[in-house]
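Open the structure in your viewer and keep the selection tool at hand.

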Amino acid sequence: MQPQIILLKEGTDSSQGTSQLLSNITACQAVVDAVRTTLGPRGMDKLIVDQGGKATVSNDGATIMKLLEIVHPAAKTLVDIAKSQDAEVGDGTTSVVLLAGEFLKQIKPFVEEGVHPRIIIRAFRKATQLAVEKINSLSVKIEKSNAAEHRALLEKCAATALSSKLIHQQKAFFSKMVVDAVLMLDELLPLNMIGVKKIQGGALEDSQLISGVAFKKTFSYAGFEMQPKNYDNPKIALLNVELELKAERDNAEVRVASVSEYQKVVDAEWQILYEKLDKIVKSGAQVVLSKLPIGDVATQYFADRDMFCAGRVPEDDLKRTMKACGGSVMSTAHDLEDSVLGQCEKFEEIQVGGERFNIFKGCKNARTCTLLLRGGAEQFLEETDRSLHDAIMIVRRTIKNDAVVAGGGAIEMELSRHLRDYSRTIAGKEQLLIGAIAKALEVIPRQLCDNAGFDATNILNKLRQKHAQGQSWFGVDIMKEDISDNFESCVWEPAIIKINALTAASEAACLILSVDETIKSPKSGGHDAPQMGGMPGGMGRGMGRPM
């Protein structure tokens, strides 16, 4: 009798073969069902409460996927593709998860019947290649020469991205704002140059775009009220210097023989502070911003000389001010010449809702802007911020890749028809597999109908008929509960969203299909994991006291 060989740790769970592949596919479908209903203009929102009790209301696929703490190893791939779609393109995160789940669902029967996963993967690669080529041949290039037309296109793409969000009622207002914001940036379109400040209260329409920098009034000491609150053409000193008297270090020791010696120590401290302040005043700066605190002595000193100061300015706001107004952040008060001071046309402090904001306008080399968002609840403001982030990403992408396609399920139906026609020209198993992938692409228009409460079968039949007649831009029209030419209705999306979503979804499906064994080590279950420090009850680091 052969001796039993124990290869893996006791309690290791390993499953292989078709059964574990099917269980992985089922797990992925459970994840898809979590975000399925958030697709499209009539999509529902999810309310997710984390361990700390913080509630998030969102219908952005990537946000929901991040907040669902998914532990199933295969289902995590879907979270990853949603994140990558969010980072790369910004929108289409729900679509990418839906597509991956539907691909797996349509392929499941073939797996059950014993078709080898490698054959299925080959069919996926072929279908994806065909689909991407088709998108590239169908997409419409935009003329950048006509500025008004180009701008109108960007606004339509932003409006399409916003139409599935919470703020879709105000999409005309916000799409203008988003396009203005992105067009203010330089060629590289850096995202961190668009600041977003959320202020509770007021209506959404009170939101405003400031061409320049705005940040919340920082913590200030007495004497602040006496400082002027607006200037024309001020010089701005950006510092990384602490302008206050330092408290003595704890358990530091200074031995002095007499009171006069102690007085010298104190005088020296004051002298150092006043020298710094004097240098700043002589530099001609009228607005002084520092990353470190500016104390009460300094605040009063500046107020007496009609200067404005703000300490503890957040680093990203200081950086954006530097980019907008020029100058550079100095870590000493010695070399403050005109070349390192920033300038802008107008500085003012205004009241927005319950907050005071410091605003720099008319910056010379301003390639930055700030969105001040208003709205009721905190969750609502956060969702507005996420929605605008998606729209901003879309506008950036459209400027860089100027090809667009029609949204609303139109391009998916056209790709589905194209793949179905292609599958009929080949023989063998691939024919069935590519046919299944073609059917899976119909999930987008079908889900759009389901979420809006329409009869999906009826509308899909009409769409198939139109696409078979060669009208390739027909998609679901949510407003009329029918189908319409979405290119004429201006439901436009950058082609790159669709290309990215398709390739990411098919890669995820291939990845899950290519796994033939899952091995879970016992530790990951968390039950048998040794407690911290090896002490009973997990007393933390170290040996613990001797018993």
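What distance separates the centres of domain 1 and domain 2, taken over C-alpha atoms? The answer is 26 Å. Bear in mind along the way that this is a predicted model.

To see these parts, colour the chain by its domain assignment. Domain 1 is made of 13-141 + 406-520, domain 2 of 147-211 + 375-401, and domain 3 of 213-250 + 257-365.

Next, select the place where domain 1 meets domain 2. Here 24 residues of domain 1 are in contact with 21 residues of domain 2. The size of an interface is often given as the accessible area lost when the parts come together. For domain 1 and domain 2 the buried area is about 2,000 Å², with 55% of it on carbon and sulfur atoms. Now pick out Asp91, Trp492 and Pro494 in domain 1: these residues lose the most area to domain 2, and together they account for 25% of what that side buries.

Between domain 1 and domain 2 the count is three salt bridges. Seven residue pairs are in polar contact across this interface, both residues being at pLDDT 80 or more.

Which elements supply the side of domain 1 that touches domain 2, with at least two residues each? Select strand E3 (55-58), helix H3 (76-88), strand E18 (492-494) and helix H16 (495-513). E3 gives the most, with four residues. Sorted by class, this side of domain 1 has eleven nonpolar, six polar and seven charged residues.

Asp180 belongs to helix H7 (residues 171-183) and Arg151 to helix H6 (residues 147-162), so distant parts of the chain, 29 residues apart, are linked. The count of salt bridges comes to 31.

The last stop is a pair of rings: select Phe103 and Phe124. A search of the whole structure finds 13 aromatic pairs. In the pair of Phe103 and Phe124 the ring centres are 5.4 Å apart and the planes stand at 65°, so the pair is edge-to-face. Phe103 is in helix H4 (residues 93-112) and Phe124 in helix H5 (residues 117-138), 21 residues apart.

How values were computed:
Residues numbered from 1 in each chain as written. Predicted model: local features only at pLDDT ≥ 70, side-chain atom pairs only at ≥ 80, totals over all residues. Heavy atoms only, no water. Domains from an automatic or database assignment. Contact = heavy atoms within 4.5 Å. Buried area = accessible area lost by both parts, 1.4 Å probe. Salt bridge = Lys/Arg side-chain N within 4 Å of Asp/Glu carboxyl O. Polar contact = N/O pair within 3.5 Å; in protein donor to acceptor, adjacent residues only side chain to side chain. Nonpolar A, V, L, I, M, F, W, Y, C, P; charged D, E, K, R; others polar. Phe/Tyr/Trp six-rings, centres within 6.5 Å; stacked < 30°, edge-to-face > 60°.
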